Amino acid sequence: MERLLFVDDDADLLDMNKIYFEKIGYLVDIALGAEEALLLLSEYQFKCIVLDIRMDDVNGLDLCRLIRQKYRAPIIFLTSLTEEEIMIEGFECGGDDYLLKPYRMKELEMRVRARIRNNSPLSQTQSLFGGLQLNSEEKQAYIGGKSLNLTVNEYEILQFLAQHKGTPYRQEAIYQALWGEDYYNTHSIQILVMRIRRKIQALSPDKEYIKTQWGKGYIYTE
């Protein structure tokens, strides 16, 4: 049975999430702050972590950074904050998804299922796309033997575009293809592609790999 961790300073919300996800077959642990969360992480292996950003003791972004020092479980942020800078920081500190409060429980369930599915180990494969090497077991990309240090979501987007080389994809089509959900936030795909490009440029300043075709979407080119 898959185990989930919910972290929030709202005890009522934690109880609501726990009841819902236990009814659909998950083991659920809850934590009212960073100290409880880190203790649980040291004792159990979690398939997904659902984390509030605005908490009293340690905010969710800082807690995410602490978690990423040791653990690779996907992290979904729950928050009422809508500023783009917060979203960018959430991805940069190691988050995998972002859901605004108030939210529907079914939508959170679908996001949890999608993150667990995308984080499941695959048999190791090495794929070459021009000078770019993709490793599906590590969910990592390399240029000249050097890692791009991608997050899981960044890897999924890069792999999808590389496997469909020469075909442009709009943001909503990328989201639907990868996670099987209706597209919900323009900025999330934009931010992730921006980060992928920045990491590629650091290792390959003369080669873009991902370009934008105006009016059509993102396209992978060798």
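In strand 4 (residues 75–79), Ile76 is the bridge partner of Val50, and four bridges in total join strand 3 to strand 4, the two running parallel; strands are taken here as DSSP runs of E with at least two residues, helices as runs of H or I with at least four, numbered from the N terminus, and two strands pair if DSSP finds at least two bridges between them. The model is a predicted one, in which local features need pLDDT of at least 70 and side-chain atom pairs count only at pLDDT 80 or more, whereas totals for chains, interfaces and linings use all residues. Residues are numbered from 1 along each chain as its sequence is written, and side-chain values use heavy atoms, with hydrogens and water left out.

Strand 3 is also joined by four bridges to strand 1 (residues 3–7), again in parallel, with Leu4 standing opposite Cys48.

Together with helix 3 (residues 60–68), strands 3 and 4 make a right-handed β-α-β unit, where right-handed denotes a path from the first strand over the helix to the second that runs clockwise with the strands pointing away from the viewer.

Eleven of the twelve residues of helix 6 (residues 152–163) are buried, so this helix too is largely enclosed by the rest of the structure; the buried residues include Tyr155, Glu156 and Phe160.

How values were computed:
Buried < 20%, exposed > 50% of the residue type's maximum accessible area, 1.4 Å probe, protein only.
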